[in-house]
Amino acid sequence: MSLTATFTVNGVRRQVDLPDPRVTLLDLLRERLDLTGTKKGCDRGQCGACTILVNGRRTNACLALAISHDGAEITTIEGLATDGVLHPVQEAFIAHDGFQCGFCTPGQIMSAVGLIAEGQAGMDPERVREGMSGNLCRCGAYAGITEAVLDAQARLDAQDRSQAA
Amino acid sequence: MKTFDYVRPASVAEAVAAAAAPGAAFLAAGTNLLDLMKGGIARPDRLVDVTRLPGLDRIERSHDGGFRIGATVRNADLAHDAAFARACPAVAEALLSGASAQLRNAATTGGNLLQRTRCPYFYDTASACNKREPGSGCDAREGENRLHAVLGWSDSCIATNPSDLCVPLVALDAIVEIEGRAGRREIPLEAFHRLPGDAPERDSVLEPGDLIVAVRVPAEAAAFAGHARYLKVRERTSYAFAVVSAAAGLRLEGGRIAEARIALGGVALKPWRAREAEATLAGAPAGPEAFRRAADVALAEARPSGDNAFKIELARRIVVRALTLAAAGTPDRVAALPASAFAASTGATLHV
């Protein structure tokens, strides 16, 4: 059976042939669509380096079979900045040193974007740490990561308020 | 990963027919199955994708106040369903204590019931494991086994069931709705998972082609909503499976316990309902003496399967603590660290 799937990746519609159904969303992004910002860490759902947004929800791309997500809207780290302007979460990670080697950073940032969209953590650092626990950082930049997420949350809240006003 | 055929049936009946063939497996989110396939532990010939089957992704309230949770409802959606979390707060707390936010966004209700043990010898294809390869032996018996079962184990398998969700669900008399080749049937969750005996390769009572379509929580569960907790000891603060966990629910009448529910996780190959312990609490005043007595009864049959005798006393203490927390009352909001042992019974956080 010849399998074809269509995805909207960072706003662009992409049709891909999947002659072999074993392809995960992670391998699809990295090997077929040349979007290597999404990292392959453990490839087993334990580290969070491959975190992307699927239909707006943060997900481990390594444990998602591409063909099963036919039609999905996918956002990766490459899709966050608009017209060369960094996303507030990206800016906050830079401002707060939320990384050292940088390998886990795309996953951390996508996870933070998902966390803020979920709206469960608010400005509680304990809830942020718990909500980010699916993203490991072997450099141990956790303190900066938590500060960055809280700062980004505050900036986005302020943005929402000014847009509503 | 071995290659496989991928099929996407349009109806439950088609799905059951497609999965009845030898070597077929259902695919939902795949958060456990894909991991097992990458490791060569699961080697299906055909994946039957059930994620788009109509009608399986809904949380419904029955006319009597019970809930019917579709098999493909995602863990995060169930945990954050306001009406469900209000009626079954220990279930919401258990869900939020499991895995990570990313996995909870994907993982399904049916998939949670069907996840396989995390015994490292089951995962290591170079080790002997009767569950993975019947008759090959059990390397866990003489291996690293401090986290293994203390209840219901057998000489052929000492693994544990890793589910958090199933622990409060089994305490609340949840029912599993199954569609099979012979039609629809229902099984109490308590009778759904199998103890290992001499056939540990069979995790549950499901037959080939059987599809979980829903899990029902009866209306009576809401009677425990004001005094219901889930408590889970992990080897790290978050994103870890239970060493031992417990769900506790109390129905209090004037300081006395009218009815109690207790179930344990991480201690056996199935979520462990402690009915005799519950019975000792009926009519007793809610307090440490009654809770300790119940905990002793709950673990009366426990015995170590290796270097894990500590889990028996740990489980007793977790039962007492879960009952103490339940008696204090369900918090208005799930704690920042759901089900964490780092929260004192007063509500203060011990974790710094």
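# Salt bridges, chain contact and helix packing

B:Glu93 and B:Arg229 form a salt bridge, with the closest N and O atoms 3.0 Å apart. The two partners lie 136 residues apart and link distant parts of the chain. The model is predicted. Chain B and chain A bury about 3100 Å² between them.

**Salt bridges**

- B:Glu93 belongs to helix H5 (residues 89-96) of chain B.
- Its partner B:Arg229 sits in strand E9 (residues 228-233) of chain B.
- Side chains of opposite charge can pair when their charged atoms come close.
- Over all chains, the count comes to 41 salt bridges.
- Four salt bridges are found across the interface of chain B and chain A.
- The side chains of B:Asp77 and A:Arg57 also meet in a salt bridge, at 3.0 Å from N to O.

**Interface of chain B and chain A**

- Chain B brings 41 residues to the contact, and chain A brings 36 residues.
- Of the buried area of about 3100 Å², 46% is on carbon and sulfur atoms.
- Which three residues supply more of the area that chain B buries against chain A than any other three? They are B:Tyr6, B:Lys38 and B:Gln102, with 21% of that area.

**Helix pair in chain B**

- Helix H11 (residues 288-298) of chain B packs with helix H12 (residues 310-328) of chain B at an angle of about 140°. Their axes are 9 Å apart.
- H11(B) passes H12(B) in a right-handed crossing.
- H11(B) makes the contact through B:Phe291, B:Arg292, B:Ala294, B:Ala295 and B:Asp296.
- On the H12(B) side, the contact residues include B:Glu313, B:Arg316, B:Arg317, B:Val319 and B:Leu323.
- By class, this contact of H11(B) with H12(B) has seven nonpolar, one polar and five charged residues.

**Helix pair in chain A**

- Helix H3 (residues 105-118) of chain A and helix H5 (residues 142-164) of chain A cross at roughly 45°. Their axes come within 10 Å.
- H3(A) is therefore oblique to H5(A).
- The crossing of H3(A) and H5(A) is right-handed.
- H3(A) contributes A:Gln108, A:Ala112, A:Leu115 and A:Ile116 to the contact.
- H5(A) contributes A:Ile145, A:Val149, A:Ala152, A:Gln153 and A:Leu156.
- By class, the contact of H3(A) with H5(A) has seven nonpolar, two polar and no charged residues.

Definitions and conventions
Residues are numbered from 1 along each chain as its sequence is written. Chains are lettered from A and ligands numbered from 1 in the order in which they are written. This is a predicted model: local features need pLDDT of at least 70, side-chain atom pairs count only at pLDDT 80 or more; totals for chains, interfaces and linings use all residues. Side-chain values use heavy atoms; hydrogens and water are left out. Axes are lines fitted to C-alpha atoms, for helices over the stretch in contact, and angles run from 0 to 180 degrees between N-to-C directions. Helices (H or I, at least four residues) and strands (E, at least two) are DSSP runs, numbered from the N terminus. A crossing is left-handed if the near helix is turned anticlockwise from the far one by less than a right angle, and right-handed if clockwise. Contact means heavy atoms within 4.5 Å. Ala, Val, Leu, Ile, Met, Phe, Trp, Tyr, Cys and Pro count as nonpolar, Asp, Glu, Lys and Arg as charged, and the others, Gly among them, as polar. Angles under 35 degrees count as roughly parallel, over 145 as roughly antiparallel, 65 to 115 as roughly perpendicular and the rest as oblique. Buried area is the accessible area (1.4 Å probe) that two parts lose on being put together, summed over both.
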